[in-house]
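Please consider the following model chain by chain, and then as an assembly. The explanation below moves from the overall architecture to individual residues.

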Amino acid sequence: MHPASSPPMLRAAGLTMTYPNGVTALAGLTVDVPRGSVGLVGANGAGKTTLFRLMLGLMRPTHGVLEVAGHRIDSDPVAVRSRLGYMPEHDCLPLDQTAADVVSSFGELAGLPARAARQRASDVLDLVGLDEARFRPVGGFSTGMRQRTKLAQALVADPELVLLDEPTAGLDPLGREEMLELVGRLAGFGISAILATHLLDDVQRVCQNVVMVDRGHLVLAGPIDQLMQTTGYMRVEVDGRDDAVPALAQALAGHGVTTTPVDDHHIDVDTQVHGDVTFDLVRDAVADLGLRLYAVSTRHRSLDDVFLQEAYR
Amino acid sequence: MTALQQAAAGAVYDRGYRPYSGPRGGRREATLALWRLSVRRALGLRRPWRQKVFPWTLLGLATIPAIVNVGVAWVIRNNPVEMAGFEFITYRDYVGVSTVLILFVALTAPDVVCPDRAQRVLPLLFSRPLTGVDYVAAKVGAIFFIVFGFSFLPQVVLFVGQMLVSEDGALKYFTDHAEVLWQVPIAVALLALLYAAVGVALASLTDRRIVGGVAIMGLAFVTSAVAGIVVDASQGEGTPLAVIGIFFVPLDLRDLVFLGHLHPVDSGLSGVEGGGLIAIVAYSVYVIAAFSLLLYRYREVDL
């Protein structure tokens with residue numbers, strides 16, 4: 001296991017990347033990303049791949065500083081790379097080799113001795129569920145098996161951090177479930193993961209933190225639980241009067257609580273301003289108005305809601 | 001339930017994840033690993049038997065002249081008259097035989113670099129502690145190693161064989177021919193370096209193995225044909241344009257190593273003032289150009 005009391009897994013300060021053709025892929029990105037599973041989300045062209053390229057030291061930023069696990073990329077990109085595993089989105093495996101050969105080869109290329117690389121390859125192929133197929137050529141694998149092989153080669157050298165680029169791309173529902181289950185287990189192995197995707201559901205399911213980028217700018221970053229809480233609202237179901245919903249909205253507005261009517265019986269109540277006190281305010285307002293309270297549910301917004309709200313604010 | 005009972009019940013154990021705490025190398029180890037994997041691939045090791053046929057057949061063919069020479073000498077070793085009239089292939093000549101290894105380079109150089117680009121393996125390779133320089137060193141090094149080995153081993157067979165059949169005894173043969181112990185390695189290393197660098201550089205220009213192989217063979221045929229024409233046109237006086245025959249330039253350097261000067265008949269540069277220097281400069285330009293192209297091709301990798 002890697003120590004938990006270490007510097008942030010990723011630290012970017014004023015990170016700017018402008019390509020020779022003038023396109024600015026990242027514009028002053030400043031963010032600290034803790035260890036654990038982190039979702040890097042954004043639409044196509046948001047700057048996710050550019051950030052991966054910079055993290056792998058494959059190019060230098062125009063401005064700013066980027067650190068991975070406390071090491072500055074620009075001072076020693078090769079040393080940083082030895083701590084990383086990378087799983088590209090696209091096909092990238094030698095098709096005429098067996099999964100065991102592919103994974104052990106990448107273990108050796110990460111600096112492991114040949115014998116250790118073979119042993120590790122066996123272990124991680126077992127871990128990703130390819131123990132039976134390890135001696136079959138990758139060219140005969142299904143998309144799901146190739147994705148698992150790609151994940152295995154990323155893990156073979158026991159990295160501190162794996163960069164996963166759209167790991168569920170092209171998978172059927174079952175394959176997607178299995179891949180997400182594997183990714184979700186990585187934090188328990190002491191391996192941090194940055195999951196680049198535009199599928200916010202995937203991030204919501206397996207990540208503890210999220211970094212949202214849009215057109216090279218940071219939209220927001222933080223623990224997913226916190227984001228969901230601070231941007232959440234509760235849905236209240238009431239009855240007892242024809243104007244139950246407008247009356248409740250008016251009563252809550254008197255306490256500075258914002259509401260959004262849904263239909264004749266349902267109303268969404270913003271919990272951002274008063275937090276848990278909002279529950280008391282709703283209870284008291286319902287009692288004062290003589291309404292029947294059927295249900296109060298804390299309804300979190302999805303990450304999609306958060307992204308759309310923050311990106312296009 | 002006992003362990004035996006559990007086993008009988010077909011229990012499945014989740015062994016979980018075991019972190020790795022053993023030794024971990026850096027650039028040097030990664031480069032060596034890539035070199036080793038490339039050598040293995042070029043020789044068809046851990047690949048279907050079809051991939052093994054060509055390289056090992058070629059090695060056999062390259063060794064045949066040595067085996068035949070030694071074999072004939074062995075058969076007639078007790079007949080001084082025949083032995084005196086029998087002419088061994090010389091070590092210098094044998095370096096010339098190694099030019100056939102351009103066939104090997106045309107087949108294997110594309111095989112070790114083209115799939116990396118075609119199958120988009122490069123991003124994965126460069127996510128390891130490797131740089132473009134390391135990649136080039138490993139790939140050229142792999143082809144160099146094999147061409148050198150396939151050129152050098154037959155010479156070893158020839159040397160050892162001649163020692164054993166020598167009328168004057170092995171020790172005397174060894175001391176009389178000690179100079180080839182440095183001449184042969186240097187000459188074949190010069191040949192192997194140019195063949196490997198130029199072959200891999202040409203192969204790096206395409207994703208398709210067949211195109212890379214054809215390009216290498218095409219360059220070999222066209223340049224040697226053009227060089228032959230301009231040398232013939234010089235009517236025996238030699239011409240600096242003989243260096244157009246890119247894959248024969250190492251043979252001029254071989255002559256400088258073995259003879260100390262260009263061969264008056266074999267070299268198209270013989271008769272040209274400063275011909276030896278021209279050969280050295282041409283060789284250097286070809287090798288530097290090949291490495292420059294390779295470093296340019298692998299300066300940056302796209303994800």
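Helices (H or I, at least four residues) and strands (E, at least two) are here DSSP runs, numbered from the N terminus. By this criterion chain B holds 13 helices and 0 strands. Its elements, read from the N terminus, run α-α-α-α-α-α-α-α-α-α-α-α-α. The radius of gyration of chain B, which is taken over C-alpha atoms, is 24 Å, well over the 19 Å given for 303 residues by the globule rule, so chain B is more spread out than a compact globule. That rule is 2.2 Å times the number of residues to the power 0.38. Along the principal axes, the C-alpha atoms of chain B occupy a box of roughly 90 × 50 × 35 Å.

The model is a predicted one, in which local features need pLDDT of at least 70 and side-chain atom pairs count only at pLDDT 80 or more, while totals for chains, interfaces and linings use all residues. Residues are numbered from 1 along each chain as its sequence is written, and chains are lettered from A and ligands numbered from 1 in the order in which they are written. The predictor's confidence in each residue is expressed as pLDDT, from 0 to 100. Chain B has a mean pLDDT of 88, and 92% of its residues reach 70 or more. The model scores ipTM 0.83 and pTM 0.83.

Chain A contains 11 helices and 14 strands. Its C-alpha atoms fill a box of roughly 75 × 45 × 40 Å along the principal axes. An automatic or database domain assignment supplies the domain bounds, and it divides chain A into domain 1 (10-224) and domain 2 (231-300). The centres of these two domains of chain A, taken over C-alpha atoms, are 44 Å apart.

Burial and contact can be described next. A residue is buried if 20 or more other C-beta atoms lie within 10 Å of its own, exposed if 12 or fewer, and partly exposed in between, with C-beta atoms placed from the backbone. Of the 313 residues of chain A, 44% count as buried; of the 303 residues of chain B, 40% do. Two residues are in contact if their C-beta atoms, placed from the backbone, lie within 7 Å. Among contacts with a separation of 6 or more, residues 24 or more positions apart account for 67% in chain A and for 76% in chain B.

How many residues does each chain bring to the contact between chain A and chain B? Chain A supplies 37 residues and chain B supplies 32 residues. On the side of chain A that touches chain B, two or more residues come from each of helix 1 (48-55), helix 2 (77-81), strand 6 (84-87), helix 3 (99-109) and helix 4 (114-127) of chain A. Helix 3 of chain A gives the largest share of that side, 5 residues.

A nonpolar core is a set of buried Ala, Val, Leu, Ile, Met, Phe, Trp, Tyr and Cys residues joined through C-beta atoms within 7 Å. The largest such core has 162 residues, and those with the most contacts inside it include A:Leu195, B:Val105 and B:Tyr195. Helix 10 (residues 180-203) of chain B gives the most to this core, with 16 residues. Apart from it lies another core, of 13 residues, among them A:Leu248, A:Ile267, A:Val269 and A:Val282.

A:Leu252, in helix 9 (residues 244-253) of chain A, is buried, with 23 other C-beta atoms within 10 Å. Beyond four places in sequence, the contacts of A:Leu252 include A:Val269 and A:Val282. In chain B, B:Ala279 lies in helix 13 (residues 275-297) and counts as buried because it has 27 C-beta neighbours inside 10 Å. B:Ala279 and B:Val249 are 30 residues apart in sequence and 6.4 Å apart in space, C-alpha to C-alpha.
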